[in-house]
Amino acid sequence: MSIAVLCGGVGAARLLRGLVPLVPGPELTAIVNVGDDTELHGLHISPDLDTIVYTLAGAVSVERGWGLEGETWQAMAMVGHYGGVDWFSLGDRDLGTHLFRTHRLGQGASLQEVSAEIARAWGLTLTMLPVTNDRLRTLVTTVDEGEIPFQEYFVRRHHDVAVTAVRFEGADAARPAPGVLDALDQAERILVAPSNPVVSIDPVLAVPGITDRLRARRDDVIAVSPIVGGRALKGPADRLLVELGREASAVAVAEWYRDVVGTLVIDDVDADLAPAIEHHGVRCIVAPTIMSDPARTAALAQVLLSAIR
Ligand code: FO1
């Protein structure tokens, strides 16, 4: 069964880890957010693409969910020694990935080509596509500093500042990377990972053509709620929803996605929300969604694959 998955970072990477043993590599396409991408020290950093690669390769830091396990930080310490930008922690080995990517982009390779080279080097067989090869950047309007780049909000400010708006710079002119629309047309099922709807999935949907494709295939689109028991499993999705005038609940996730998602999988603890979700015209499946170990991750992947429309 061919599957396309709309992906942010950590939550998507974990879901893909559950899908990889069940879906043959050539039939699994990850379409990945690039709104988190940033340029630092002259390097192009693609956090969500890298988080997916490192996770599927079994090399990700278990504690952080991003970067590499057993990483050292000597280069960063040296940058800090000079008074340079050291609030975004780039490990010594991780830096090699950014050096390689930046060099290849400078040679004229597309982000998609470099991402495929990196994934191949780690032995991955799925197709991993940045949603676009063009420049797309998530910008966040904060109450005290105005509009700032996503990583300044997320990492430098520890996503601990109230947000009034989110914008995807470059999205209007961005073209889907080659293969993205075909994957959405041809996949038997399209999954939306339990990533942040506001800052991880919306930048993917903002690329012209993607939302239209999903609308056309709404009955085949299944999302997993990243909000469980009124809280985000990781990151600021719960606070962002509230700051943008919604509530922090799986019902709000259903409302957020209702135009493009036909089915929402919510966690057992939220079972009583199922009627309210179906009231929004979104079919609801109740299942354990917390991917805390390989068995639970595999079970969630199985639920998604066997969900019949
Ligand atoms: N997240 C942090 O909270 N602090 C960091 O210093 C940090 C560095 C970093 C370096 C490379 C990379 O690929 C990811 C990194 N992340 C860091 C995660 C990154 O901010 C992600 O965009 C978020 O986790 C949102 O998906």
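**Exercise 1.** Find which helices each supply at least two residues of the shell around the ligand.

*Solution.* Two helices qualify: H2 (47–56) and H6 (150–156). Helices are DSSP runs of H or I, at least four residues, numbered from the N terminus. The model is predicted: local features need pLDDT of at least 70, side-chain atom pairs need 80 or more, and totals for chains, interfaces and linings use all residues. Residues are numbered from 1 along each chain as its sequence is written, and side-chain values use heavy atoms, without hydrogens or water.

Next, list the shell (residues with a heavy atom within 4 Å of the ligand). Its members are Asp36, Pro47, Asp48, Trp66, Trp87, Phe88, Ser89, Leu90, Asp94, Gln151, Phe154 and Val155. H6 gives the most, with three residues. Then sort by class: seven are nonpolar, two polar and three charged. Here Ala, Val, Leu, Ile, Met, Phe, Trp, Tyr, Cys and Pro count as nonpolar, Asp, Glu, Lys and Arg as charged, and the others, Gly among them, as polar.

**Exercise 2.** State how far polar side-chain atoms of Asp48 and Gln151 lie from oxygen atoms of the ligand.

*Solution.* Look for polar contacts (pairs of N or O atoms within 3.5 Å). Gln151 places a polar side-chain atom 2.8 Å from a ligand oxygen. For Asp48 the distance is 3.3 Å. Finish with area: the ligand alone exposes 530 Å², and the protein buries 88% of that (Shrake-Rupley method, 1.4 Å probe).

**Exercise 3.** Describe the largest pocket and its lining.

*Solution.* Start with the volume, about 890 Å³. The 42 lining residues include Gly9, Val10, Trp66, Phe154 and Lys234, the closest to the centre. H1 (10–19), H2, H4 (92–106), H6 and H8 (197–205) each give two or more residues to this lining. H2 has the largest share, five residues. By class, 19 lining residues are nonpolar, 17 polar and six charged. The ligand takes up the space of this pocket.

A pocket is an open set of points on a 1 Å grid over the protein atoms alone, where a 1.4 Å probe fits, with protein on both sides within 12 Å along at least five of seven lines; lining residues have an atom within 4 Å of a point. A molecule sits there if more than half of its atoms lie within 2 Å of the grid points. Volume is the space filled by probe spheres set on the points.

**Exercise 4.** Do likewise for the second largest pocket.

*Solution.* Its volume is about 290 Å³. It has 18 lining residues; Arg14, Arg17, Thr55, Val62 and Met291 lie nearest the centre. H1 and H13 (294–306) each give two or more residues to the lining. H1 gives the most, five. The classes are eight nonpolar, seven polar and three charged.

Note on methods: Near = heavy atom within 4 Å. Polar contact = N/O pair within 3.5 Å; in protein donor to acceptor, adjacent residues only side chain to side chain.
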